[in-house]
Amino acid sequence: LAQYSLGCCYYFGENVEENDELAVKWFKKAADQDDEGAQYFLGNCYKNGFGVEKDYEAAVEWYIKAAEQGDADAQFEMGRCYYYGIGVPEDDSLAVEWLTRAADEDNNQAQNLLGVCYAHGHGVSKNMATAIELYKRAAANGNIDAHYNLAEYQYGQVTKRKVKRTG
């Protein structure tokens, strides 16, 4: 726990000068002891090239360790990686599996992206009612992209009705 906390101090520059290399050093020590938070942040470091060379495959290795321990942020990242093919081959079914786990833990990013999957039939049968429900949950949890997706859907519905009435 102390190693993870020290890693966070260096990662965010809390009470010390921000230093990504030292953050990675301390996250790695904690991650090797199965600290899921450290594993998640180490994944972020590899994904973004903070303190280490950018390496998507290494990011996935750390994210999956944290995700399997129940870290909702890491579960979202795994879903996002499978959805976009970042560090792993694209796989919409696995994306939905990880996004569902994170969404069930109220991760608003996962709720929004899972809504996108349902809206477009990526890895699941297309279901706009489920997509809208997920967008609403994500929006209620503060996700701005979900607000946009809801507005886009509602605007599209209004436009379709106007076309029908005038056409």
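Predicted model: local features only at pLDDT ≥ 70, side-chain atom pairs only at ≥ 80, totals over all residues.
Local features need pLDDT of at least 70 and side-chain atom pairs pLDDT 80 or more, while totals for chains, interfaces and linings use all residues. Numbering runs from 1 along each chain as its sequence is written, and side-chain values use heavy atoms, leaving out hydrogens and water.

**Exercise 1.** Work out how many positive and negative side chains the chain has.

*Solution.* Start with the counting rule: Lys and Arg are positive, Asp and Glu negative, with His and the chain ends not counted. That gives 16 positive and 27 negative side chains.

**Exercise 2.** Find where the partners Lys47 and Glu77 lie, and decide whether each is buried or exposed.

*Solution.* First, the pairing: Lys47 and Glu77 form a salt bridge (a side-chain nitrogen of Lys or Arg within 4 Å of a carboxyl oxygen of Asp or Glu), with closest N and O atoms 3.5 Å apart. Next, the location: Lys47 sits in helix 3 (residues 36-48) and Glu77 in helix 5 (residues 72-84), 30 residues apart. Helices here are DSSP runs (H or I, at least four residues), numbered from the N terminus. Finally, the cover: buried means under 20% relative accessible area, exposed over 50%, and partly exposed in between, with a 1.4 Å probe and protein chains only. Lys47 is buried at 15%, and Glu77 is buried at 5%.

**Exercise 3.** Locate Glu97 and Arg101 and describe their pairing.

*Solution.* Begin with the helix: both residues lie in helix 6 (residues 92-104), 4 residues apart, about one turn. Last, Glu97 is partly exposed at 37% relative accessible area, and Arg101 is partly exposed at 37%.

Methods: Charge placed at Lys NZ, Arg CZ, Asp CG, Glu CD. Helix = DSSP H or I, 4+ residues; strand = E, 2+ residues; numbered from the N terminus.
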